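Subject: Structure handover

Hello,

Here is the structure I promised to pass on. Please open it first, then read my notes below.

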Amino acid sequence: MNDVSTSGLQLKTERRWLADAVELVSSMRFAISLLTLIAIASVIGTVLKQNEPMPNYVNQFGPFWFEIFNKLGLYAVYSAWWFLLIMAFLVVSTTLCIVRNTPKMLRDMRSWRENVREQSLRNFHHKVEWSSGKPIDAMAHDLARRIGDSGYKSLTVPKENGMLIAAKHGAANKWGYILAHSAIVIICLGGLLDSDLPIRFQQWFHGKTPYAGSGLISEIPSQHRLGIGNPTFRANTFIPEGATSNTAMIPQQTGVLVQELPFSIQLKKFIVEHYSTGMPKLFASDVVVRDSETGKTFETTIKVNQPLIYKGIAVYQSSFDDGGSKLKLTAYPMTGAQDTPFQLAGEVGGTTPLGSEKAAEYTIEWSGFRAFNVENMAQSGQDLRAVDASKSFNEQFAAGLGRQLGSAAKKADNKDLKNVGPSVQYKLRDKTGQAREFHNYMQPVMLDGDYVFLTGMRDTPAEQFRYLRIPADDKDSVEEWMRLRAALYVHALREVAAKRYAEQTIPQEKQELRDQVRRSALRGLDIFAGDGKEAGFVAVTKFLEQVPQAEQQKAAEIFMKILNGTLWELWQAAREKGGLKPLAPDEKHQRFLQLAMNAMADANFYGAPVYLQLREFEEVKASVLQVTRSPGKNVVYLGCLFLVLGVFAMFYIRERRLWIWLKPDEEGRTHALMAMSTQRKTLDFEKEFEALKAQVQK
């Protein structure tokens with residue numbers, strides 16, 4: 001007997017626990033908590049770029065926070081296990097809520113609530129009483145007709161010594177609750193259908209793994225490929241002009257998965273149109289589609305917001321890229337006294353050894369080419385220099401030195417959009433595998449009133465490019481600057497320049513002073529050239545720090561005056577060595593010299609043995625198409641329709657209930673008691689009650 005009682009108690013406890021769990025999961029507070037978590041996750045997924053290459057996150061957050069964020073799944077929030085678990089709980093919670101409340105609501109919608117008592121009606125706030133000489137049956141019929149004219153459905157129920165008219169209007173308000181909650185479930189299910197769960201299942205149970213190598217797509221093994229039966233995916237395919245593709249790449253954290261397509265796409269021509277400012281206004285791809293099963297082919301054009309939809313797969317115009325443009329460049333030495341340029345050729349996406357192929361010190365990896373570059377010339381980037389002259393030794397000297405240095409890109413609030421022509425982007429990788437990335441413009445650009453060649457450098461992709469400004473000479477080339485740069489590292493030319501400067505500035509009869517000026521000029525060139533550990537304005541700053549602080553300003557002015565004059569003579573000596581005539585010392589050439597001196601100081605931070613200038617190119621365009629199969633899209637659309645209808649029903653359909661109790665009074669007349677209720681008391685309800693009261697009392 002005791003065993004039976006114990007088992008019964010245990011069963012009752014389990015049932016109570018299950019009932020409590022169902023009550024909690026289906027409660028409003030639980031659903032609101034889940035929606036709050038989803039909102040927070042959505043904010044994280046919006047602020048933090050999703051599905052980026054892992055090195056980008058390492059560079060952005062550092063190794064410590066990278067590992068923490070990676071374990072939390074923040075780099076792919078919408079496919080993280082905890083996010084999918086929250087979505088699943090939301091579906092279960094909302095479904096239980098619908099299952100529990102829908103039958104009650106449907107019964108309430110069908111109910112007339114005719115069991116109400118007279119005393120209860122007298123307790124209503126909105127009520128009215130009156131008497132009439134009509135018989136009860138005739139009055140009931142007349143009142144039912146009148147409230148029916150106002151849109152109410154009514155039911156007349158005989159009561160003891162009287163009659164009750166029960167009426168209702170706006171019962172469809174309950175459908176708003178049902179549709180809105182059903183919409184949440186449907187949208188979540190549609191989102192799960194379009195998630196990467198099917199791909200994860202294939203990875204878990206069919207051994208599919210991301211491919212992290214390189215090579216031809218056709219040579220990628222089958223364990224990295226997904227078949228055409230994959231129910232859902234979102235991938236990208238890269239197609240150069242004239243090429244064909246029947247696969248697409250699904251990015252993963254550790255590589256890519258190759259998605260097979262039931263058709264092939266050949267890119268006949270990629271079309272890009274520009275506004276007058278050079279900004280692109282139209283991307284379009286003229287393609288030929290061939291069905292892999294039937295061999296059927298047809299031509300079409302894929303534009304932005306005008307996708308190709310074939311066999312349940314949508315192909316969108318995503319972006320465009322370079323498809324392997326052919327490049328011809330001139331390489332100018334940037335170290336030492338070398339001044340002989342040489343020619344290079346490359347192809348975007350390929351590599352070129354710098355030097356002899358057997359003993360190449362560097363390898364050039366051509367990463368990009370753009371024929372059009374629309375830049376905000378009022379805000380063009382950062383200065384290449386990594387020093388802050390204002391912290392060198394003296395604020396006054398820093399201000400003067402800052403005026404000498406200039407800036408590789410002045411910042412401004414206004415916008416000045418211009419197409420500055422073609423550019424090439426590449427990485428220069430040394431034997432140890434270390435690489436720096438460069439971005440060079442083909443044509444000179446007008447900055448601060450001067451034409452300069454911009455060549456950008458950065459150490460990591462997370463950084464912005466810092467630009468070196470090389471002044472354009474009379475022939476709109478970099479040859480004169482390269483000539484002066486190389487001459488700075490020829491000691492014999494420095495001695496000639498110092499001697500000429502002394503002869504130009506000091507009379508012959510003051511030979512001792514002339515020799516002092518010559519030695520000072522030569523010393524200034526040696527410091528600027530970097531015969532010590534440092535060069536450029538950094539070396540000048542350190543040298544002037546040795547001067548007493550009270551005399552630094554004056555010393556800086558004298559030093560810069562001598563350096564300017566000596567560099568001019570150095571330039572002319574270098575031209576004579578090259579068989580060219582000296583230049584006139586006019587304002588134009590003096591301005592060139594000033595910019596050239598700034599660029600030579602900045603070049604110490606360039607970090608490359610050569611400067612590559614683009615000479616010719618043969619552009620090959622490529623189209624980047626997004627290929628998606630989204631079986632849940634229509635499900636989500638259905639859920640959105642339900643949500644709109646549900647919200648409309650809840651906010652714009654007001655449920656009203658009306659009762660009229662009829663009974664004979666002591667004088668033999670018919671006494672009427674009307675009461676009215678609604679879920680939300682509004683000004684419109686007050687007006688409607690007054691109108692009905694006047695209508696039934698006529």
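Is Asn161 buried or exposed? Asn161 is exposed, because its relative accessible area is 60%. Please keep in mind that this is a predicted model.

**Positive phi**

Asn161 sits in the loop between β2 (153-159) and β3 (162-169). Its phi is near 60°, a positive value in a residue other than glycine. Most residues other than glycine have a negative phi. Asp448 also has a positive phi, near 55°. Asp448 belongs to the loop between β21 (445-447) and β22 (450-458). With 46% relative accessibility, Asp448 counts as partly exposed.

**Cores**

The largest nonpolar core holds 65 residues. Trp481, Phe528, Leu567, Tyr611 and Leu612 have the most contacts inside it. Which helix gives the most to this core? Helix α14 (residues 552-577) does, with eleven residues. Leu567 touches Leu484, Leu488, Leu525, Leu593, Met597 and Met600, leaving aside neighbours within four places in sequence. There is also a second, separate core. This one has 24 residues, including Ile239, Leu267, Val272 and Val315.

**Salt bridges**

The count comes to 35 salt bridges. One of them joins Glu118 to Lys663, with the closest N and O atoms 3.1 Å apart. Glu118 lies in helix α5 (residues 118-122) and Lys663 in strand β26 (residues 656-664), so the pair ties together parts that are 545 residues apart in sequence. Glu118 is buried, with a relative accessible area of 18%. Lys663 is partly exposed, at 26% relative accessibility.

Two further pairs are worth a look. Asp196 forms a salt bridge with Arg200, and the closest N and O atoms are 3.5 Å apart. Asp196 is partly exposed, with a relative accessible area of 22%. Glu479 and Lys475 meet through their side chains at 3.2 Å, N to O. Glu479 counts as partly exposed at 33% relative accessibility. Lys475 is exposed, with a relative accessible area of 59%.

Salt bridges link Asp108, Arg113, Lys174, Glu655 and Arg657.

**Thr232**

Where is Thr232 placed? Thr232 is in the loop between β4 (225-226) and β5 (233-240). Why does Thr232 count as buried? Thr232 has 3% relative accessibility, and buried means under 20%. The Thr232 side chain reaches the backbone oxygen of Arg629 at 3.2 Å. Neighbours within four places in sequence aside, Thr232 is in contact with Leu193, Asp194, Ser195, Pro198, Ile199, Arg629 and Pro631.

**Surface patch**

Which residues form a nonpolar patch on the surface? They are Leu643, Val647, Phe648, Phe651 and Tyr652. Together they have about 540 Å² of accessible area. Val647 is found in helix α16 (residues 633-652). Val647 is partly exposed, with a relative accessible area of 33%.

Best wishes

Definitions and conventions: Residues numbered from 1 in each chain as written. Predicted model: local features only at pLDDT ≥ 70, side-chain atom pairs only at ≥ 80, totals over all residues. Heavy atoms only, no water. Patch = residues over 30% accessible without salt bridge, like charges linked within 9 Å, V, L, I, M, F, W, Y side chains within 5 Å. Areas by Shrake-Rupley, 256 points an atom, 1.4 Å probe, with all protein chains shown as cover. Salt bridge = Lys/Arg side-chain N within 4 Å of Asp/Glu carboxyl O. Helix = DSSP H or I, 4+ residues; strand = E, 2+ residues; numbered from the N terminus. Buried < 20%, exposed > 50% of the residue type's maximum accessible area, 1.4 Å probe, protein only. Polar contact = N/O pair within 3.5 Å; in protein donor to acceptor, adjacent residues only side chain to side chain. Contact = heavy atoms within 4.5 Å. Core = buried A, V, L, I, M, F, W, Y, C linked by side-chain atoms within 4.5 Å.
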